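Colleague: I am new to this structure and should like to understand the terms used to describe it. Please set each value against its definition.

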Amino acid sequence: MMNFSAKQVVFISFMLFSMFFGAGNLIFPPFLGQSAGDQLWAALAGFIVSAVGLPILGVIAVAKAGSLNELNLRVHPIFALVFPFLIYIAIGPGLAIPRAGSLAFEMGAAPFLPENFVESPVSLLIYTIVFFGLAAWLSMYPSKLISLFGKLLTPILLALITVIFIKSLMDPIGSFKSPIGNYRENPMFQGILEGYLTMDALAALAFGIVIANTLTAQGVIDSKKKSRYMMYAGLGAGLLLAVIYLILGYLGATSSSLGQAENGAIILSNIMTYLFGQSGTLILGIVFTLACFCVSIGLITSCSQFFSTAIPKVKYKVWVIILAVLSTAIANLGLTQILQISVPILGMIYPIAIVLIFLGLLDEIIKRNPYIYRSVIGFVTIFSVLDTINKIFLGSNWSGAFEILPYYIEGLGWLIPALIGLVVGYILGWLRGSTPVTRTNP
């Protein structure tokens, strides 16, 4: 039963950080910073609570349960079969992996290519074949991810962001301006909402399998030790995310003098041009490419490990190839259409994932009461499915009815259904006499 050194725990934290930190994590904080202005620190505090806190809690919940499958089984065997498939498809080939390739091309390659070549579909095809080909090749050997992420890619990414931050201190961009929009009245709550919209808690559930398998490959067999090291990795990755968010948010808040921008990518481009001139575009391109590349490897690895376990007749390396080819095709042939479908589906399963995380964290209090697990998940699932049907198929015609729920417009309409489910589950458990969920495979 192997013990990890502090250095090895740091490397695993670096690995998990790289798997979390994609292009979206680069773009959100600068835009928040520019919008929040002199209310930056309150807004960032709220952002970190949800954008860092929820993913850390997700990793801890999986670690406490032993695995995502064990956590899902507390609800129902059918749930344990269906819900992980939805997670891995939504954050894998259905959205995040092909989007990472497209964004890496747009931010890391397109600025340096001839305009007529960039406009040709061939350019994106060639780029994504190379991009996902390399990602698939490196994903073939998941036991080596600690060395790849922990000792190489993450230090490079962190060093680049540190250089950008130091340069901004030596050559100040500007001062904080007045906040705009919802950041004027309640900057912390608005920051919480922005962090919630990153949906990184889903990734936390998905990445648990990679961390667990990596620890096993490194000789950590004891389940209690494995859970403890998974928690350490989650806390370490969360600390790194928080520090980077603080830096990016600060850069965004100082950039108002460069002009208001529509999104975080434009803000970062303006900042890099101001600080480094034309070479700033190159540095930013490297940062975006590294972030997207790391996330792609992490997602391909976690999805392949899950699908190879769920469908053992298809081996892990075959799944790596399938996912790489599928992601390349989607990135080139229909990413916009896929986003129109997958984003609402992602929104549907995200509330379910959050309440599952909190049920897992509160398991010692609710004593694995199956009625509470099933009732809370059931009520939230009904709400999420109806809300998704309303948005995809009914043109939001039912939104007036949904807006009765507190914070529905902000994306938190599931809170009341979750509380109702909690009360109903507790009453059912009390009336019928709750018994713990037995561990059986779906």
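Modeller: Accessible areas come from the Shrake-Rupley method with a 1.4 Å probe. For this predicted model, the accessible surface of the chain comes to about 19300 Å², and carbon and sulfur atoms account for 69% of that surface.

Colleague: What makes the chain as compact as a globular protein of its length?

Modeller: The chain has 21 helices and zero strands. Its radius of gyration is 22 Å, and the globule rule gives 22 Å for 442 residues; the two values are close, so the chain is as compact as a globular protein of that length. The C-alpha trace spans about 70 × 50 × 45 Å along its principal axes.

Colleague: Why is S375 called buried?

Modeller: Buried means under 20% relative accessible area. S375 has 9% relative accessibility and therefore counts as buried. This residue lies in helix 19, which covers residues 370-392. Beyond its neighbours within four places in sequence, S375 is in contact with G421, V424 and G425. Across the chain, 53% of the 442 residues count as buried.

Colleague: Where does pLDDT stay under 50?

Modeller: That is the case over residues 438-442, for which the model has ten contacts beyond four places in sequence. Where pLDDT is low, the predicted coordinates should not be read in detail. For the chain, the mean pLDDT is 88, and 95% of the residues reach 70 or more.

Colleague: How far apart are the mean positions of the positive and negative charges?

Modeller: The mean positions of the 22 positive and 16 negative charges are 19 Å apart.

Key. Residues are numbered from 1 along each chain as its sequence is written. This is a predicted model: local features need pLDDT of at least 70, side-chain atom pairs count only at pLDDT 80 or more; totals for chains, interfaces and linings use all residues. Side-chain values use heavy atoms; hydrogens and water are left out. Helices (H or I, at least four residues) and strands (E, at least two) are DSSP runs, numbered from the N terminus. The radius of gyration is taken over C-alpha atoms; the globule rule is 2.2 Å times the number of residues to the power 0.38. Buried means under 20% relative accessible area, exposed over 50%, partly exposed in between (1.4 Å probe, protein chains only). Lys and Arg count as positive and Asp and Glu as negative; His and the chain ends are not counted. The place of a charge is taken as NZ of Lys, CZ of Arg, CG of Asp or CD of Glu. pLDDT is the predictor's confidence in each residue, from 0 to 100. Contact means heavy atoms within 4.5 Å.
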